[in-house]
Amino acid sequence: MKLKKRIPVIDQGDKLGFWGGKFGGNFVPETLKKPIEDLEILFNKLKKDKKFIRERDKYFKNWIGTPTRFIKLNNLTKHVGGAQIWSKVVSDANGGAHKIYNATVHCLLAKRSGKKVICGDTGAGYAGKMLSMAAKKFGLKCKIFMGAKDIERQQPNVKAMKKNGAEVIPVYSGSQTLVDAVSECMRFWVANCDTTAMCVGSTVGPAVFVRICGWSTSQISRELKVQLIDEFGSIPKKLKLYNCVGGGSSSFGFWNEFMDYDKKQVEFIGVEAGGPSNSRKHAAPLTNNSKIGILHGAMQYVVQNKDGQIEETESISAGLDYSGVSPLHCFLKDTKRARYTAASDEETLSAYKLVTKYEKLRPSLEPSHAFSVAIKESKKFSKDTIVVVNSCGDAYKDQGILEKRLGKKYVKSN
Ligand SMILES: *Cc1c(COP(=O)(O)O)cnc(C)c1O
């Protein structure tokens, strides 16, 4: 399979929604065929509509607060010795993470299609929090499906959702995490799609959801491109973009505008969740060469047992604790445009300690995975190498886990 330069990756899927002929697709019950087709038609029309783009950009700018900062981490660079380490501080966005882009676009689409209710899934709670914020902003009723285990470990975001008027529905099936929340949310949509819109929280699910989400988060790389040219006069000769990969929406959005550069100039490094170092459970289907399977309506690399049953995953970060991964990343892996690796829970905590010790930046546990690998590799790079890490979330939501694992002194108040 081949990555075509200059054609947006989200448009490189075939008519049936497969990238590279095998990743993605629409494995959905018959009753969802029509609502999915309607959404496809609406999205294909609006993404070319100048008025709609202007409306999107207005909300991105005035409500989400873009562009987010692009900053040099001087102290960390000095400490590590090697490449220049920079960060795109996407956690500056309203709500504290990138999921607001996708949530906003889905609410704009829901309004256009006359729906009054929007439902969504959430893992770390960010997708739910952002959807509840956007739903409130646009006057939509909001229902959030969340694994019972995640409700317990991400309390600050649960409180935020309720405050925004959303109904939070705990999911007790399976591992009681994101994978089950997505399944339950889809089940709800099947039964209520006449009145309800669905927002999938990452670049996963049936093909149209992958495309809407990737299109929305690409705002991150659009900004970064401008900021790099402002800073360096042109796109640096040796640029390395590190991002954590759960479902894959922040990383795809962070890379999308750079797809047609040679990978020798602009390299993409995706960091999955390796889980506890003493456990064989992980949430890293790309790194560990998991087999291809079907999850949440799409063909993808997925963590599974030898009978093909979806395997539970384990990670310190709820946002990365997912058995599957976006078909877009499966495609980028097989075409070798991006490189994938994993960081363990312990490596992630060390990276968090190091970054917060040297910088006024507080990456959540998800981007701390990316920092871990970026720091390790930066030591070996030359000074003219520009390493950029997407700090896609703020650690405020992780205060409980950080206190338990590292002690009180690593918990900084907001
Ligand atoms: C949800 C989330 C992730 C993982 O999802 P992606 O779709 O891979 O971006 C990473 N970081 C944060 C802060 C999140 O909220």
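How far does a polar side-chain atom of Lys 99 lie from an oxygen atom of the ligand? The distance is 2.6 Å, which counts as a polar contact (a pair of N or O atoms within 3.5 Å).

Hello everyone, and a quick word on the model. It is a predicted one, where local features need pLDDT of at least 70 and side-chain atom pairs count only at pLDDT 80 or more, while totals for chains, interfaces and linings use all residues. Residues are numbered from 1 along each chain as its sequence is written, and side-chain values use heavy atoms, leaving out hydrogens and water.

Who are the neighbours? The ligand is surrounded by 17 residues, each with a heavy atom within 4 Å of it. Among the closest are Gly 248 and Ser 250. The shell holds 5 nonpolar, 10 polar and 2 charged residues, with Gly counted as polar. Domain 1 (26-61 + 98-214) and domain 2 (65-96 + 219-410) both contribute to this shell, so the ligand lies between them; the bounds come from an automatic or database assignment.

Now, two backbone details. Thr 66 and Pro 67 are joined by a cis peptide bond, with omega about 0 degrees. Gln 176 is not a glycine, yet its phi is positive, about 60 degrees. Most residues other than glycine have a negative phi, and most peptide bonds are trans.

Note on methods: A polar contact is a pair of N or O atoms within 3.5 Å; within protein, one must be able to donate a hydrogen and the other to accept it, and residues adjacent in sequence count only if both atoms are side-chain atoms.
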